Amino acid sequence: MREGLVVNIGRLRLKNPVMAASGTFGYAEEFKHFIDLKKLGAIVTKTITLKPRVGNPPPRTCETPAGLLNSIGLENPGIDRFIDEKIPFIKSLGVPLIVSIASEGGVEEFVSLAKRLDRVKEVSAIELNISCPNIKNSPQSTVYSLQKNNGQLISQDAKATYEVVKMARKATRKTLITKLSPNVTDITEIAQAAQDGGSDCLALINTLMGMSVDVRTRKPKIAMVTAGLSGPAVRPVALRMVWEVYKKVKIPIIGMGGITDTESVLEFFIAGASAIAVGTANFINPRTMIEIISGLEKYLARNRIKDIKELIGSLKI
């Protein structure tokens, strides 16, 4: 592995900037027969909640032009089973483990989860998923608003974002990553609130809201009607938001959204990302991340670039 691929995310040092995005890689064990997991820069788990969740009713996914709609609904085994059953395998890989967490009710659950994971030495960092669009307004919901439970995502409100990040920051010494939603008017306002609250890093973007209709039945193709759109179709939006946020904040950015190959990764670095996460592409080609790591090594060598950090924010206007 080239030393020039090493990046730092808060206090977390990664041997390369390529990681698996939350929700698209399970808990890593699902991909063990497809790739050498030890080569990855980091693994971000599927989002974990305090209690188990069964998720949304099917159909929960459908393909769209250059993308994928999903409304999984944060299906997960809950924090207890995750620690007992999922962490041992990931520990055996020796790869930094980033645990994504969400609340079903309020800020207190983010705090409880952060405190619990702070005591788990195998956990390298915590990602606050305050931007999942696939939960409807209900008591079991990450659409919890610190104001009036009005169906607004935490990451759609700067004050709410600041409060959640600040409380989570007090609950853990581990590197804290805040995942933001693109479904906002000005993502830089939310990014600054997360930075002010104490986040070490930002992850953007989560999925865009979308829908698809079966014209034969005139019914939605997704049971919950609307869903999160990911895949190559969202890349231009993700790049634009990474670039906008990079100009406003001082903390690192993990870029994601439609990454499929080395060239798309390089776009994110030039726009301002310090690391990237691969999501939907894992379903199409499980070797995508390994191919990207190799591609980055070749790109640096070919262009006589000693350190990939030279590319961060190097966009020429």
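# Reading loops, sheets and helix pairs

User: Where is Ile205 found?

Analyst: Ile205 is found in the loop between β10 (201-204) and β11. Strands (E, at least two residues) and helices (H or I, at least four) are DSSP runs numbered from the N terminus. This is a predicted model, in which local features need pLDDT of at least 70 and side-chain atom pairs count only at pLDDT 80 or more, while totals for chains, interfaces and linings use all residues. Residues are numbered from 1 along each chain as its sequence is written, and side-chain values use heavy atoms, with hydrogens and water left out.

User: Which residue is joined to Ile205 by a cis peptide bond?

Analyst: Most residues other than glycine have a negative phi, and most peptide bonds are trans. Here, Leu204 and Ile205 are joined by a cis bond with omega about 15 degrees. The bond from Pro58 to Pro59 is also cis, with omega near -5 degrees. Pro59 has its place in the loop between β4 (42-44) and β5.

User: What is the phi of Leu74?

Analyst: Leu74 is a residue other than glycine with a positive phi, near 60 degrees. Leu74 lies in the loop between β6 (67-70) and α1.

User: How do I read the open sheet, and in what order do its strands stand?

Analyst: Start with pairing: two strands pair if DSSP finds at least two bridges between them. The open sheet has four strands in the order β5-β6-β14-β11, and their pairing is antiparallel. At the edges stand β5 (61-64) and β11 (208-211), each with a single partner strand, so one side of each has no neighbour in the sheet. On average, neighbouring strands are turned by 40 degrees against each other, direction ignored. For axes, take lines fitted to C-alpha atoms (for helices, over the stretch in contact); angles run from 0 to 180 degrees between N-to-C directions.

User: How many bridges join β11 to β14?

Analyst: Four bridges join β11 to β14 (residues 226-230), and the two run antiparallel. In β14, Ala227 is the bridge partner of Gly210.

User: How many strands are in the closed barrel?

Analyst: The closed barrel has eight strands, running β3-β4-β7-β8-β9-β10-β15-β16 with parallel pairing. From one strand to the next, the twist averages 25 degrees. As a case, β7 (residues 97-101) and β8 (residues 123-129) pair in the parallel sense over five bridges. Ile98 stands opposite Ala125 in β8.

User: How is a packed helix pair described, and at what angle do α4 and α5 cross?

Analyst: Two packed helices are described by the angle between their axes and the distance between the axes. The axes of α4 (residues 187-197) and α5 (residues 235-246) come within 9 Å and cross at roughly 50 degrees. That makes α4 oblique to α5; angles under 35 degrees count as roughly parallel, over 145 as roughly antiparallel, 65 to 115 as roughly perpendicular and the rest as oblique.

User: Which residues of α4 and α5 meet?

Analyst: Ile187, Thr188 and Ala191 in α4 meet Met241, Glu244 and Val245 in α5, where contact means heavy atoms within 4.5 Å. By class, this contact of α4 with α5 has four nonpolar, one polar and one charged residues. Ala, Val, Leu, Ile, Met, Phe, Trp, Tyr, Cys and Pro count as nonpolar, Asp, Glu, Lys and Arg as charged, and the others, Gly among them, as polar.

User: At what angle do α5 and α6 pack?

Analyst: α5 and α6 (residues 262-271) pack at about 25 degrees, with their axes 8 Å apart. The two are therefore roughly parallel to each other, and their crossing is right-handed. Among the residues that meet are Leu239 and Trp243 in α5 and Phe268 in α6. The contact of α5 with α6 has seven nonpolar, one polar and two charged residues.

User: How far apart are the axes of α2 and α3?

Analyst: The axes of α2 and α3 (residues 158-171) are 8 Å apart, at an angle of about 30 degrees. That makes α2 roughly parallel to α3. This crossing is right-handed. The contact includes Phe110 and Val111 of α2 and Val164 and Met167 of α3. Its residues divide into eight nonpolar, no polar and three charged.

User: How many salt bridges does the structure hold?

Analyst: A salt bridge is a side-chain nitrogen of Lys or Arg within 4 Å of a carboxyl oxygen of Asp or Glu. The structure holds 14 salt bridges. One of them links Asp80 and Arg116, whose closest N and O atoms are 2.8 Å apart. Asp80 lies in α1 (residues 79-93) and Arg116 in α2 (residues 107-118), so the pair ties together parts 36 residues apart in sequence.

Key
A crossing is left-handed if the near helix is turned anticlockwise from the far one by less than a right angle, and right-handed if clockwise.
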